[in-house]
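Here's a quick briefing on a protein model. Have a look at the sequence and the structure, then read on.

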Amino acid sequence: MVIKVFLASSSGSTAIKKKQQDVVGFLEALKVDYTQLDIACNEDNRMWMRQNVPTEKKPTNGIPLPPQIFNEESYCGDYDTFFDAKEDNSVYEFLGLPPPPGSKEAEKAQIVENGTHAEETIADENVDESTEVPVEERNGNAHGEEEEEGEGGEEEEEEVAEGEIADDEATEGETAGDEAPAEEEEAVEETDEVTEDTRARAEEEEEQEEADEDREEEDLQSEEEEELRQLEDEEEAEVQEEEEEDVEETQEEEAE
């Protein structure tokens, strides 16, 4: 299986160049076999890429921008999905390749597999423990009725003693509880103040992050639109050049 990376060698967009370098550099670091297919200098590559990117993955204008990644004929994704897979340590899964032994992704898969086996084992143990076993069999007691009568009196005495201890503890707790409310009220007031300050800072930080993300999206969209316009201009220039060549050939033929 060969990974195909469709890119534009003569792209004028800094953002697209950076994305292409990120994909290629990461694949080289992982020592993954891949092939670069240039859509700027090869019309067949450009048409193949546009035709094989799934419709639901294309932008609203219907023209996908590089880089686009395939495993043979199977579509893997664009830069955004590649970046998400890299952050999640699941690039091999994204590419449709088995992770090499010893890699983080292989260790992650092993942990998941072990966790599944462990859950199955725990479930089996719970089923075994839920099976009812007669009291006489668990304790190895063949004369349960005779010994239960003698044990019953001892249990009643123990319950009475435990009840007296509980009453003493409750009395002590009530005495100590009278002193606690004032301290608890002070602690609650301090906690409320800290909570309000923390909430206010969190809201400010969230608003700032949203503003930064909006600016980044606007900048990226502008760069992608500029790249799209450049590609369309290149196509028009190529068509015009071909038409001019045809006209020149026709004129030469007529002159002959």
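Let's start with Gln68, which is buried at a relative accessible area of 4% (buried means under 20%, exposed over 50%, partly exposed in between, with a 1.4 Å probe and protein chains only). Keep in mind that this is a predicted model, where local features need pLDDT of at least 70 and side-chain atom pairs count only at pLDDT 80 or more, while totals for chains, interfaces and linings use all residues. Residues are numbered from 1 along each chain as its sequence is written, and side-chain values use heavy atoms, with hydrogens and water left out.

**Around Gln68**
- Gln68 sits in strand β3; helices (H or I, at least four residues) and strands (E, at least two) are DSSP runs, numbered from the N terminus.
- Setting aside residues up to four places away in sequence, Gln68 touches Lys4, Val5, Phe6, Met49, Val53, Tyr75, Gly77 and Asp78, where contact means heavy atoms within 4.5 Å.
- Gln68 and Phe6 are 62 residues apart in sequence, yet their C-alpha atoms are 5.2 Å apart in space.

**Nonpolar cores**
- The largest nonpolar core holds 18 residues, and Ile3, Ile69 and Leu95 have the most contacts inside it. Such a core is a set of buried Ala, Val, Leu, Ile, Met, Phe, Trp, Tyr and Cys residues joined through side-chain atoms within 4.5 Å.
- At least two residues of this core come from each of β1 (3-7), α1 (14-29), α3 (79-87) and α4 (91-95), and α4 gives the largest share, with four residues.
- Another core lies apart from it, with nine residues that include Ile39, Ala40, Met49 and Tyr75.

**How α1 meets α3**
- The axes of α1 and α3 come within 11 Å and cross at roughly 45°. That makes α1 oblique to α3, since angles under 35 degrees count as roughly parallel, over 145 as roughly antiparallel, 65 to 115 as roughly perpendicular and the rest as oblique.
- Axes here are lines fitted to C-alpha atoms, for helices over the stretch in contact, and angles run from 0 to 180 degrees between N-to-C directions.
- On the α1 side, Lys19, Asp22, Val23 and Phe26 make the contact; on the α3 side, Tyr79, Phe82 and Lys86 do.

**Lys19 and Pro67**
- Lys19, found in helix α1, is buried, with a relative accessible area of 14%.
- Beyond its neighbours within four places in sequence, Lys19 is in contact with Pro67, Tyr79, Leu220 and Glu224.
- Pro67 belongs to the loop between α2 (43-52) and β3 (68-71), and the peptide bond from Pro66 to Pro67 is cis, with omega near 0°.

**Positive phi values**
- Lys31 isn't a glycine, but its phi is positive, at about 60°. Lys31 lies in the loop between α1 and β2 (34-38) and is exposed, with a relative accessible area of 74%.
- Glu72, also a residue other than glycine, has a positive phi near 55°. Glu72 is in the loop between β3 and β4 (74-78) and is partly exposed, with a relative accessible area of 32%.

**Confidence**
- The protein chain averages a pLDDT of 77, and 67% of the residues score at least 70; pLDDT is the predictor's confidence in each residue, from 0 to 100.
- Over residues 141-150 pLDDT stays under 50, and the model has two contacts beyond four places in sequence for them.
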